[in-house]
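Open the model in your viewer and keep the sequence panel beside it. The tour below goes from one selection to the next, and at each stop it says what to look for.

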Amino acid sequence: MKTCKECKIEYPSTVEYFYEQKNLKSGLRSDCIKCTRKSQLSYLDSMTPEDRRAMKKAEQQRNPHIYRQATRKIVARKRGVIHEDWTEKQLLETYGTDCYLCNKPIDFDAPKRGIGSDYSFWPDHMTPTSRGGSNTIDNVRPCHRKCNQNKYTMTYEEYINSDRYKS
């Protein structure tokens, strides 16, 4: 049994009642889950909107893959297309590290945006979701940012047969 330091209620010493904290001797926090959540909500309520935005931005920078996946899922749901979770790592393992449109290597050290980003990695939908294409690994290929933007909302076949591809 363990007593919460905040509410002074005694609970069993399990992860059902206390969050884990590996650096402590017992391996469990000293306040129960209810009190921990209460203090976290109190902290969030005391934050300014600017602080909240900064906290969210920091979280997005620490875990960009999670946010990209969530965004893909939201867009697929809005457009009413099939969505399946896939990672950029899976995409590269499946289709290689060359751009599928121009067959040149992708520069993984290039910035995603701004100067020098033309040959950076961008996943591209062969049939765009805006045209009813699914958001599955079967419909996505590795691509350069420049090639992806040049293709715009064309399907792969339309792009290959267009004047944009030849230039």
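Select Arg141 and show its surroundings: not counting residues up to four places away in sequence, Arg141 touches Leu91, Tyr95, Tyr100, Trp122, Pro123, Asp124 and Met126, where a contact means heavy atoms within 4.5 Å. Residues are numbered from 1 along each chain as its sequence is written, and side-chain values use heavy atoms, with hydrogens and water left out. This is a predicted model, in which local features need pLDDT of at least 70 and side-chain atom pairs count only at pLDDT 80 or more, while totals for chains, interfaces and linings use all residues.

Stay with Arg141, which lies in strand β6; helices (H or I, at least four residues) and strands (E, at least two) are DSSP runs, numbered from the N terminus. Arg141 counts as buried, at 16% relative accessibility, since buried means under 20% relative accessible area, exposed over 50% and partly exposed in between, with a 1.4 Å probe and protein chains only. Draw a distance from Arg141 to Leu91: they are 50 residues apart in sequence, yet 6.8 Å apart in space, C-alpha to C-alpha. Then turn to the side chains of Arg141 and Tyr95, which are joined by a polar contact of 3.1 Å (a pair of N or O atoms within 3.5 Å; within protein, one must be able to donate a hydrogen and the other to accept it, and residues adjacent in sequence count only if both atoms are side-chain atoms).

Next, select Leu91, Cys99, Leu101 and Cys143, which touch the most other members among the 15 residues of the largest nonpolar core. Such a core is a set of buried Ala, Val, Leu, Ile, Met, Phe, Trp, Tyr and Cys residues joined through side-chain atoms within 4.5 Å. Helix α4 (88-95) and strand β6 each supply at least two residues of this core. Apart from it lies another core, of six residues, including Tyr11, Phe18, Leu28 and Cys35.

Now move to the loop between β1 (2-3) and β2 (10-11), where you will find Lys8. Lys8 has a positive phi of about 65° although it is not a glycine, and Lys8 is exposed, with a relative accessible area of 59%.

Finally, colour the chain by pLDDT, the predictor's confidence in each residue, from 0 to 100. The mean pLDDT of the chain is 92, and 99% of its residues reach 70 or more.
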